[in-house]
Amino acid sequence: MSLDLPESLFGGWWRYLVSVIGMLMFTVGVGSVFLDGRLTGEESLQISALAVLSVPLIALGARVAMDIDEGADAVRVLAWMSGGVLVLAPLGAWFQVAVPTADTDFEVALLFLSAIAAGAFFGSVVGYYDVRVRRLVERASREEARREFLDEQQDALSALNSILRHQILNDLNAISGHAELIRDDRIDPDAAAETIEDHCGHVDNIVSRIETVVDALTLVTETREISVDEAVERAIQTLQDEHPSASIGVEGDTGATVLADDLLYLALYEVLDNAVVHGEPPVTVTVDAGTEAVTVAVADTGPGVDV
């Protein structure tokens, strides 16, 4: 992880609390020796033990400061460190009472300080790796969610491509056919021009909707509760702006809600548009709210398609 050194040292000083605590313990131990004015062999061993525990704690604190940049994670490490101290410090005190090894109060204090340093070190190690594991799990979850989103996006783009090819090719075939009829003087030019303008307007409307669809497909959006009634009404309103004479009725449980995204109304619009353009009026939308799913059926009175 690349960090700006001055910011790490000063702007994020709170991240160095583990190191500060380790330095404080070591300083207290060494300072106590100087204040005592003498250094016996037993005290030398105890100071060495304190150094063996304090120096790694200082180094671990520096690693924590460089790797952790969120306050919640730093608090987690400090909590584990405190837990380690609460476990080992009483244990060290009990051991000294049960099996006395120190001859003076000064030696007892050094042993107790060493027990605190040991608890702080082992607790900080556990806290540091706890944060690391949590981050790895979160990263794996994000990667999995991203892969799922990309797969869904690919499927949606494929479906969108098929729909657009179908609709635009239909309009282009109609425009091309009327242009041939005009060229062969087999149709009234004014009537043909009106039809061509209608199909051009439909193509223009499709192109304008592509931007909305692409934006929705390229942004990671969470599903939310959407009113089926509102989605149906929006689809009908959009369709009637293009086909003012379209007759569309709505039946069933219009108060139902579903988990969906903002493309729901557009999906309904495409089905309604197909019914209005290729079917026969009236067109009916029926909403059936089941126990596990909501079914939206679109029907018209056209002859249907032979299969």
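**Exercise 1. Work out which strands make up the open sheet, in what order, and which of them are the edges.**

Step 1. Three strands build this open sheet, in the order 2-4-5, with mixed pairing. Two strands count as paired if DSSP finds at least two bridges between them. Helices (H or I, at least four residues) and strands (E, at least two) are DSSP runs, numbered from the N terminus.

Step 2. Look for strands that pair on one side only: these are strand 2 (248–252) and strand 5 (294–299), the edge strands.

Step 3. Direction ignored, neighbouring strands of the sheet are turned by 15° against each other on average. Axes here are lines fitted to C-alpha atoms, for helices over the stretch in contact, and angles run from 0 to 180 degrees between N-to-C directions.

Before going on, keep in mind that this is a predicted model: local features need pLDDT of at least 70, side-chain atom pairs count only at pLDDT 80 or more, and totals for chains, interfaces and linings use all residues. Residues are numbered from 1 along each chain as its sequence is written, and side-chain values use heavy atoms, with hydrogens and water left out.

**Exercise 2. Describe how strand 4 and strand 5 pair.**

Step 1. Strand 4 (residues 283–289) and strand 5 run in the antiparallel sense, paired over six bridges.

Step 2. Pick out some partners: V285 is bridged to V298 in strand 5, and T286 to A297.

**Exercise 3. Find the buried side of helix 7 and what it packs against.**

Step 1. Place the helix: helix 7 (residues 228–242) lies across strand 2, strand 4 and strand 5, and runs at about 170° to strand 2.

Step 2. Check its length. Its 15 residues reach 22 Å from first C-alpha to last, close to the 21 Å expected at 1.5 Å a residue. The expected span is 1.5 Å times one less than the number of residues.

Step 3. List the buried residues (under 20% relative accessible area; exposed is over 50%, partly exposed in between, with a 1.4 Å probe and protein chains only). They are V228, A231, V232, A235, I236 and L239. Seen down the helix axis, they fall within an arc of 130°, so they line one face of helix 7. That arc is taken from the directions from the helix axis to the C-beta atoms.

Step 4. See what the buried residues pack against: strand 1 (224–227), strand 2, strand 3 (257–260), helix 8 (264–278), strand 4 and strand 5. Contact means heavy atoms within 4.5 Å.

**Exercise 4. Is A275 buried or exposed, and which residues does it touch?**

Step 1. A275 sits in helix 8. At 7% relative accessibility, A275 counts as buried.

Step 2. Leaving aside neighbours within four places in sequence, A275 is in contact with E280, V283, V298 and D300.

Step 3. Take one of these, V298: its C-alpha atom is 7.6 Å from that of A275, though the two are 23 residues apart along the chain.
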